[in-house]
Amino acid sequence: METSELLQLAIAGLKNGSIYALLALGFTIVYAATNVINFAQGEFYMLGGMFAVYAFTQFELPLLVSVPLAVLVVAGIGMLFETLAIRPRKDAEPMALIIITVGGSLVFASLARHAFGSDALPLPEFTAGPSFLFAGAAIERQTVWIWGIVLVTVAGLTFLYSKTRLGRAMRACMQNREAARLMGIDTARVVMISFGLAAALGAVAGVAVTPLTSTRFDIGAGIAVKGFAAAILGGLGSPLAAVAGGLLLGLIEQAVIPFSSALKDVVALGVLLAVLFLRPQGLFRRARREKM
Amino acid sequence: MTETERVRDMHKRMWVMLVLALVLALVSAPLGGCTATSDGDGTPADAGDEPKEPYVVGAVLSLTGAQSGLGGPEKNAIDMEVARINEEGGINGHPLEVIIEDDASDVDQAIARTTKLIEQDGVVAIIGSTGTGQSMAMRDVIDAAGIPQVSLAGSLVITKDFDPLVFQTPWSNALVVDTTLEYLKAEGHTKVGLITEDTGFGKDGQALVNETAADYGLEVVSDQVFKPADTDMTGQLTVIKGAGADVVLMWSSVAASSIVPKNMAQLGMDIPLVGSHGIARQEFVDSAADAAEGVVMFAGKILAPEAYGVGSESYEAATAFIDRYTETYGEAPTNTFAGHAYDGLYLVVEALKRLDEGFTSADLRDEIEKTSGFAGIGGVFTFSATDHNGMTADDLVGYVASGGAWTLLE
């Protein structure tokens with residue numbers, strides 16, 4: 001196999017991996033605040049694309065407006081979801097809350113089907129034009145956007161966690177919610193904002209991918225599995241680990257393709273299982289003592 | 001009201017809202033539990049006599065899930081035609097009732113829905129399912145009950161893995177693969193980069209192309225697969241490009257198919273893309289946008305009715321159907337699936353018309369098999385004891401995506 005082909009596969013892996021990374025970040029943020037895996041995360045991805053297409057085609061808003069608008073609307077939906085569905089049961093077992101998120105995912109997909117129909121809906125690329133050529137491999141313009149978005153997101157989250165009051169409150173909740181509450185942190189607000197942030201990240205991923213794939217009411221569950229796998233690989237810890245988990249998953253998938261594209265998902269999820277057996281804390285996280 | 005009471009009251013209201021939302025979700029779809037009855041508003045014309053028992057036919061369609069883009073138009077066609085049949089007096093004075101069940105594009109649901117139709121509703125025949133996997137899975141239930149099934153799915157396996165009870169309305173993959181490979185040969189291609197979807201339909205096409213390519217002087221230089229949920233096929237296409245293919249052949253039907261031409265454009269691949277009849281719908285051209293230009297596929301003639309031959313029986317049936325569909329739903333059918341459902345329904349209805357009162361399901365099966373020269377929308381159907389697909393290569397025509405729509409090739 002030629003170098004340019006290997007490079008092309010690596011580019012595809014990093015592109016898909018970046019999307020998985022954005023979803024993994026959403027899983028990680030909600031998990032940090034609540035110890036809950038939010039299975040509605042994939043629906044935020046779907047809704048991001050849907051609202052962007054809707055604003056762009058129905059209201060004929062420019063992309064520059066429809067895209068941020070869609071992300072904001074979905075962030076609002078994420079906070080609303082937390083307020084209406086999670087908060088009333090906030091003291092329940094994590095398992096009960098996880099089931100609520102599964103229900104939420106079905107509700108979102110069904111509502112989207114009624115609101116937007118069952119056809120795939122396209123969105124133009126952010127900046128149209130031919131791909132960039134790099135050592136015989138092609139990089140689409142939209143991929144450059146996706147990479148840029150991931151970089152900005154990671155930088156933003158790192159800043160949020162280390163430099164802001166809210167970020168410190170979120171980290172305190174991550175370590176011990178009860179203690180954080182006793183220290184005067186408004187934990188309910190932190191949880192709500194975490195959901196909003198996770199929804200926004202899901203929406204950003206969905207909006208960035210829609211020009212490449214079109215969007216449809218039922219795409220949420222499939223992508224959520226990938227994002228969840230990436231989050232587990234990363235260990236549900238720091239934003240950087242989530243991104244590393246996503247990129248790694250994307251690269252593994254592409255590495256399998258030259259041998260058998262039919263086995264792509266099997267091998268990728270096999271690696272995930274192996275990680276769960278050998279390093280349950282994830283690849284990029286030191287083993288922690290069991291929480292009391 | 002005390003603080004605790006207020007909080008409790010608020011929680012109660014939230015619960016009510018949550019429960020309402022969940023109920024909405026259950027009613028509206030993915031669990032595949034919904035039933036719709038299609039008996040139209042019409043009453044039999046000879047209502048003077050005492051009304052006769054309705055003929056009850058079941059339909060298992062994929063109204064939700066991955067194949068909802070196919071199942072939706074199929075349901076539209078059946079709803080509309082059943083209403084018309086009843087307005088015109090039903091079948092020999094019997095009103096027609098078609099009970100439509102949603103299998104959610106899921107094999108297990110298809111089995112459950114079929115069982116329900118047979119055991120609870122006592123249907124005389126089953127139309128469906130939309131997908132190959134579901135159609136095959138339903139077979140055990142069909143065989144046990146001994147009632148005829150008219151599948152709307154396009155894989156060869158449905159009629160090749162022969163079951164005397166099972167008929168099929170779309171052109172089988174074998175027919176379309178032959179026509180398509182013939183075209184590739186005529187265009188002077190020799191090296192095929194094959195990409196197929198990981199579904200029953202895709203696997204059927206993949207196996208057929210690999211078996212028969214050599215007969216047309218073609219070599220499959222790369223054999224790639226994608227999942228319906230995939231968002232990027234540049235990896236597979238890179239391998240195809242590296243293998244030196246001079247044409248990409250894509251056998252798929254899911255929405256993700258439209259990503260393939262886009263990825264090819266992004267990779268700067270300038271070899272042609274030829275697809276299957278699974279992409280014979282406007283959704284594919286719309287989603288792939290500019291990248292769809294020049295994509296070729298072979299399918300039935302409904303997308304360009306003049307191909308039937310103006311004035312022919314199929315031309316009249318198809319244009320009348322398109323007119324009614326446009327009037328009822330506000331837009332013409334933009335794919336071939338509504339036509340497959342029309343054919344499936346009328347194959348059963350025409351057979352029922354020819355039968356006397358008190359027929360058995362075995363009689364109905366025999367009568368469907370006797371169908372000869374039925375001018376449907378997919379083509380002209382002539383079944384025999386060994387051919388339950390009943391169409392020929394003459395019923396197919398080539399299309400090329402041009403100017404944002406499927407247009408006749410050449």
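This is a predicted model: local features need pLDDT of at least 70, side-chain atom pairs count only at pLDDT 80 or more; totals for chains, interfaces and linings use all residues.
Residues are numbered from 1 along each chain as its sequence is written.

**Exercise 1.** State which segments form domain 1 and domain 2 of chain B, and how far apart their C-alpha centres lie.

*Solution.* Step one: the assignment, which is automatic or from a database, gives 35–170 + 312–378 for domain 1 of chain B and 174–299 + 397–408 for domain 2 of chain B. Step two: the C-alpha centres of these domains are 30 Å apart. Step three: ten residues of domain 1 of chain B and eleven residues of domain 2 of chain B take part in the contact (heavy atoms within 4.5 Å).

**Exercise 2.** Determine how many salt bridges there are between domain 1 and domain 2 of chain B.

*Solution.* Step one: a salt bridge requires a side-chain nitrogen of Lys or Arg within 4 Å of a carboxyl oxygen of Asp or Glu. Step two: the count between domain 1 of chain B and domain 2 of chain B is zero.

**Exercise 3.** Identify the residues from chain A that line the largest cavity.

*Solution.* Step one: a cavity is a set of points, on a 1 Å grid over the protein atoms alone, where a 1.4 Å probe fits but cannot get out; lining residues have an atom within 4 Å of a point. Step two: the lining of the largest cavity includes A120(A), together with chain B residues, among them S253(B), R281(B) and E283(B).

Definitions and conventions. Chains are lettered from A and ligands numbered from 1 in the order in which they are written. Side-chain values use heavy atoms; hydrogens and water are left out. On a 1 Å grid over the protein atoms alone, a cavity is a set of points where a 1.4 Å probe fits but cannot get out, and a pocket is an open set with protein on both sides within 12 Å along at least five of seven lines; lining residues have an atom within 4 Å of a point.
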